[in-house]
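Take a walk through the fold below.

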Amino acid sequence: MRRCLHYLDILQNICEQAYEGGYDADCRAVVAALNLTCRAIHRVAVRVLWSRLFSLRPLVKCMPTDVWTEEIEDGSGFRGGISLTRPPDAPDWARFLANAAFVKSFKRFGLRADLDEDSYRVLCLYRPGPGPLLPNLRELIWEEPDADVFEYGYQFLGPKLTTLHLGQPPSDSLLLPILRSLHLKCPHLSHLSVQSRSSIGPVDPLVSRALSRLRNLETVDLSFPLFGDALLSLAALPRLSVAKIFLPRITTVHDSVMSIDRPIFGSISVLQISAVGLEPSIAHLIRLTSSPLLSEVRLCTAQDPPASILREFLENLCTEPRNDMLSAVSISFPLPSSVPLMLSMSALPPLDRPEYLLDVTVFRPLFACSELTELEVNSFFIKLDNEFLRLLADAFPKLQSLRLMPPYYTGSTSEVTLEGLLPLFRRCPDLTHLALPIDATRPPPDLAGTIRSSELLTLDVGDSPISFPEDVAAFLSAYCTHPSFSILSAQTHEGDHDPEHMRARALQSSTWDQVTRMIRLFVRVRELERSLGRQELPDES
């Protein structure tokens, strides 16, 4: 037993298995106990114990007790605050610095700030020597809710940082000092995610310029607009595999995209483009994307595009050999983040414009992508009918998730009937999640000889109207046979604020819940009947 303790790999595995990522206090306590066992285990356990932090409190408590004070819990479920009572002297930093050197990941999020602004200022002013607070930090997740504290995220940037997420700042302007310095502070950054508070973050040329100098990026998720230099730089990165970008409605940006005449995004696998409108430059960008690994594409625009423009985009997307690799396509008009504002203003686009109507002919270019497993379209202008669903089922036999919904519910009635679901049930055996509006007020078709099992877990019907709940349940139970199957429907306040529509949603939601319960009962009864039938079969021997 003693000999195995001489192998660091074994000790490392034991400590990491006990630590389980450090999310649970009991797991951290186990590793802390191991750390005190003996010197052989200590040299490994101490590194694991301090490798991931969710607060600076443990480091602050490494200083002498007269340097800091901690408030008593107030009974609200939140820990009491911790603050510094005096500036630390040079000897007071010894244990803080020794353990800070082991920290590889620091994740800060929650409803309350980790330390108050005064404590952060004292730590930054009196720390010995220059450099980041955590010198060997590789991963930083920074979502501090306090505006005065959020800006101290800058103090954690360092040359060894490879993963950075900045999320939900109290004010989007607080992001700018951090982002403008990334190319200087974190030259080896490979994973960058920035989520602004507003749906569209601040437009800043200096940020775009800084991002254009990060040459090691592999994944990028940005909610603020990029200028042309940053976009062109990202498109040329050799190892970029995930890109989620926002294109502003600035003429120079789209002109710079249209001027590209060489293959771009050579190794991209996930590409998400958000924009104000579906400009020709976006179709041009897709056409030049050369990666043979592109498997997921998501498009979101604030304005609904004409049907011809969307079809052109899809034609550029679904070209060989890319069409054999695409597995997920998502299209949303408008931007999901703008839906709450539209709801509050009861705003709807003019639905009487035929040039914006998205019928099955618009999506025919997608039919070349036979490997598609996920398809999502959110638009007020999508025109669904039974024939639309039949063609989808024929084109995408490997579908696992299909969502064809309006951005929010307005009481409109779909042309899809229960009979229109049959091609999906019969030809897409892997389908697990289905969301589309249905007109369930018509009697369902006959079930003779059509009962079969499926993997469908959820059917989201939105604000679909329904009559004959018993007949609907009997029909769906022939295909929705999974024990955990459930029907999701719009609740009273999930949609527009028209009183008539709200009353209808409340009634429909109650009826669809009743259908779910009956389906589960019918499935159990059928399974019991089949089981009894097998037991009663005569023994031919």
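Which residues of helix H3 (residues 39-49) are buried? They are Ile41, Val44, Ala45, Val46, Val48 and Leu49. Buried means under 20% relative accessible area with a 1.4 Å probe, protein chains only. Helices (H or I, at least four residues) and strands (E, at least two) are DSSP runs, numbered from the N terminus.

This is a predicted model: local features need pLDDT of at least 70, side-chain atom pairs count only at pLDDT 80 or more, and totals for chains, interfaces and linings use all residues. Residues are numbered from 1 along each chain as its sequence is written, and side-chain values use heavy atoms, without hydrogens and water.

The buried residues of H3 pack against helix H1 (8-19), helix H2 (25-35), strand E1 (52-53) and helix H5 (94-100). Contact here means heavy atoms within 4.5 Å.

E1 leads on to strand E4 (residues 105-109), its parallel partner over 2 bridges. Strands pair if DSSP finds at least two bridges between them. Arg52 has Ser105 in E4 as its bridge partner. E4 is largely enclosed by the rest of the structure, because 4 of its 5 residues are buried.

E4 also pairs with strand E5 (residues 139-143), in the parallel sense over 5 bridges. Phe106 stands opposite Leu140 in E5. Between E4 and E5 the chain passes through helix H6 (residues 117-126), in a right-handed β-α-β crossover. Right-handed means that, with the strands pointing away from the viewer, the path from the first strand over the helix to the second runs clockwise.

Now the lining of the largest cavity: 5 nonpolar, no polar and 2 charged residues. Ala, Val, Leu, Ile, Met, Phe, Trp, Tyr, Cys and Pro count as nonpolar, Asp, Glu, Lys and Arg as charged, and the others, Gly among them, as polar.

Methods
Buried < 20%, exposed > 50% of the residue type's maximum accessible area, 1.4 Å probe, protein only.
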